[in-house]
Amino acid sequence: MTAGAKDLLNTIKKREGYRPIAPCCIAEDMGLWFDNPVEDPYMLYFSHVRTDALPAVTHVDGMARVQSVRSSDEPTLYRLLESFRAVSGYGVLCNTSLNFSGHGFINRMSELIGYCEAKNISDVIVGDSWYQRSELGSTHT
């Protein structure tokens, strides 16, 4: 979760560098990363980030608008967070909408492919599928 991740996301989305990227976090792990966290699947509340290990999701004021994730509510996202935690030690990922300035949300696979090509994005997860771009075309795992 480097500061470079936030910079890359803001560049892709053509956003100002000071704009925060919200985190999604395994609900049971929120206390590891945030002071006095409030479980909130709708990202309505702010928590102080207690570590400098999460610069990608820490706003300039040290706060983050955290989406808490429980397996009973979001099983796919929860499994993704668990898998990321198993590899990295962090049950936290950047959470941002898939849209960009001047355009609406992406609703079709063809729009997603065009977006990824325009922004040089090589990997994307849709539902339970992970798509990767290659020089010979896309692969599906």
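Modeller: Let us begin with S129, which is located in strand β8, residues 129-134. Helices (H or I, at least four residues) and strands (E, at least two) are DSSP runs, numbered from the N terminus. Please note that this is a predicted model, in which local features need pLDDT of at least 70 and side-chain atom pairs count only at pLDDT 80 or more, while totals for chains, interfaces and linings use all residues. Residues are numbered from 1 along each chain as its sequence is written, and side-chain values use heavy atoms, with hydrogens and water left out.

Colleague: Is S129 buried or exposed?

Modeller: Buried means under 20% relative accessible area, exposed means over 50%, and partly exposed lies in between (1.4 Å probe, protein chains only). S129 has a relative accessible area of 17%, so this residue is buried. S129 and C24 are 105 residues apart in sequence, and their C-alpha atoms are 19 Å apart in space.

Colleague: Where is L93 found, and what is its relative accessible area?

Modeller: L93 belongs to strand β6, and its relative accessible area of 18% makes it buried. From the C-alpha atom of L93 to that of F46 the separation is 16 Å, and the two residues are 47 apart along the chain.

Colleague: How many helices and strands does the protein have?

Modeller: The protein has four helices and nine strands. Along the sequence they follow the pattern α-β-α-β-β-β-β-α-β-α-β-β-β. The radius of gyration is 16 Å, close to the 14 Å that the globule rule gives for 141 residues, so the protein is as compact as a globular protein of that length. That radius is taken over C-alpha atoms, and the globule rule is 2.2 Å times the number of residues to the power 0.38. The C-alpha trace spans about 45 × 35 × 25 Å along its principal axes, and 31% of the 141 residues count as buried.

Colleague: How many aromatic pairs does the structure hold?

Modeller: Rings of Phe, Tyr and Trp (its six-membered ring) pair if their centres lie within 6.5 Å; planes under 30 degrees apart count as stacked, over 60 as edge-to-face and the rest as tilted. The structure holds one such pair. The ring centres of W33 and Y90 are 5.0 Å apart and the planes are at 35°, so this pair is tilted. W33 lies in helix α2 (residues 30-33) and Y90 in the loop between α3 (75-88) and β6 (92-95), so the pair ties together parts that are 57 residues apart in sequence. W33 is buried, at a relative accessible area of 12%, whereas Y90 is partly exposed, at 23%.

Colleague: Which value does phi take at N36, and which at M43?

Modeller: Most residues other than glycine have a negative phi. N36, however, has a phi near 45°, a positive value in a residue other than glycine. For M43, phi is near 60°, which is positive as well in a residue other than glycine. N36 is in the loop between β2 (34-35) and β3 (46-49), and M43 is also placed in the loop between β2 and β3. N36 is exposed, with a relative accessible area of 70%, whereas M43 is buried, with 14%.

Colleague: How many positive and negative side chains are there?

Modeller: Lys and Arg count as positive and Asp and Glu as negative; His and the chain ends are not counted. The place of a charge is taken as NZ of Lys, CZ of Arg, CG of Asp or CD of Glu. The protein has 13 positive and 17 negative side chains, and the centres of the two sets lie 6 Å apart.
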